[in-house]
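User: I am new to protein models and would like to learn how to read one, feature by feature. Could you take me through this example?

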Amino acid sequence: LFRSGIYMSLYDRHTYKESSNEFSTNSESQIVQYVKETYKLFAASMLSGAVGAYLSLPYASIIASNYWLIAIPWLLFGIFGLNFIKNKPGINMIGLYLFTFVSGVILAPLLTSVLSMAGGAGIVANAFLMTAVSFGSLSLFAMKSTKDFTGYGKPLMIAFIVMILFSLINIFVFQSPLTHIIIQGIFFFIISIMVIYDTQNIIQGNYETPMDGAIALYLDFFNMFTTLLQIFGFFSSED
């Protein structure tokens with residue numbers, strides 16, 4: 001399986017403000033408008049990522065051979081570039097859609113690998129459907145739950161770092177596909193909590209800008225989909 005699950009977990013979510021800010025003191029109507037804008041940007045980001053993946057499928061082998069040359073700049077731009085331009089109207093939207101488009105590009109090798117399997121199209125469809133159902137259910141839970149998950153930022157970040165370390169050890173030392181899938185399963189659980197965490201922070205207006213919240217949701221969905229795609233592909237593989 002194409003080992004693309006690692007880089008997604010490296011996004012530094014601490015570039016976002018986890019504490020209350022200017023939005024927290026605004027009126028309820030302003031919060032509602034903020035949430036609507038966030039989800040509009042999230043939907044547009046999903047479309048941008050899908051277009052990037054679709055257009056890149058014919059070039060998957062080229063992307064795979066130059067994977068880190070694409071993934072590392074994408075990662076650095078996500079950590080530093082987006083944070084720098086997020087308050088610059090116009091430029092911030094270009095940056096957002098560039099970031100999400102390229103995320104689709106670097107997903108193309110994994111998609112191509114799964115699509116080449118017997119019933120590959122069904123595997124991709126099932127992974128996407130389960131991602132959508134899981135994401136929607138977790139978001140609804142976050143909105144309805146009386147438990148506050150907004151303080152889980154640091155524990156989630158620590159959990160991600162620990163799992164990244166285990167992933168790197170497996171890649172360079174053990175090279176075990178089964179261990180990789182177990183790690184992906186744990187990643188899925190962590191990402192699930194992140195969906196709840198990000199959703200509650202968004203509906204409370206705790207992110208500095210709607211773009212911050214949209215990126216957080218997009219990365220949650222993207223990570224969840226990629227994780228499930230690897231798990232489903234593993235169990236469907238004849239190797």
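Predicted model: local features only at pLDDT ≥ 70, side-chain atom pairs only at ≥ 80, totals over all residues.

User: How many helices and strands does the protein have?

Analyst: Helices (H or I, at least four residues) and strands (E, at least two) are DSSP runs, numbered from the N terminus. Here the secondary structure comes to nine helices and zero strands. Of the contacts with a separation of 6 or more, 87% are between residues 24 or more positions apart, where contact means heavy atoms within 4.5 Å.

User: What share of the residues is buried, and why does valine 114 count as buried?

Analyst: The word buried means under 20% relative accessible area, while exposed means over 50% and partly exposed lies in between (1.4 Å probe, protein chains only). Of the 239 residues in the protein, 51% are buried. Valine 114, whose place is in helix 5, counts as buried because its relative accessibility is 0%. Leaving out residues up to four places away in sequence, valine 114 touches Gly120, Ile123, Val124 and Leu229.

User: Which residues does serine 139 contact, leaving aside its neighbours within four places in sequence?

Analyst: Serine 139 is found in helix 6, and it counts as buried because its relative accessibility is 8%. With those neighbours left aside, serine 139 is in contact with Val195 and Thr199.

User: How should I read a pair of aromatic rings?

Analyst: A pair of aromatic rings is described by the distance of the centres and the angle of the planes. Rings of Phe, Tyr and Trp (its six-membered ring) pair if their centres lie within 6.5 Å, and planes under 30 degrees apart count as stacked, over 60 as edge-to-face and the rest as tilted. The structure holds 14 aromatic pairs. One of them joins phenylalanine 135 and phenylalanine 221, edge-to-face, with 5.4 Å centre to centre and 70° between the planes. This pair links distant parts of the chain, since phenylalanine 135 is in helix 6 and phenylalanine 221 in helix 9, 86 residues apart.

User: Where is the largest pocket lined by two or more residues of an element?

Analyst: Rolling a probe the size of a water molecule over the atoms shows where empty space is left. On a 1 Å grid over the protein atoms alone, a pocket is an open set of points where a 1.4 Å probe fits, with protein on both sides within 12 Å along at least five of seven lines, and lining residues have an atom within 4 Å of a point. Grid points are joined across faces, edges and corners, and a volume is the space filled by probe spheres set on the points. The largest pocket holds about 340 Å³ of space. Among its 17 lining residues, the closest to the centre are Ala50, Ala53, Leu107, Phe128 and Phe225. Two or more lining residues come from each of helix 2 (28–56), helix 5 (91–115), helix 6 (120–144) and helix 9 (210–236), and helix 2 gives the most, with six residues.

Terms used: Residues numbered from 1 in each chain as written. Heavy atoms only, no water.
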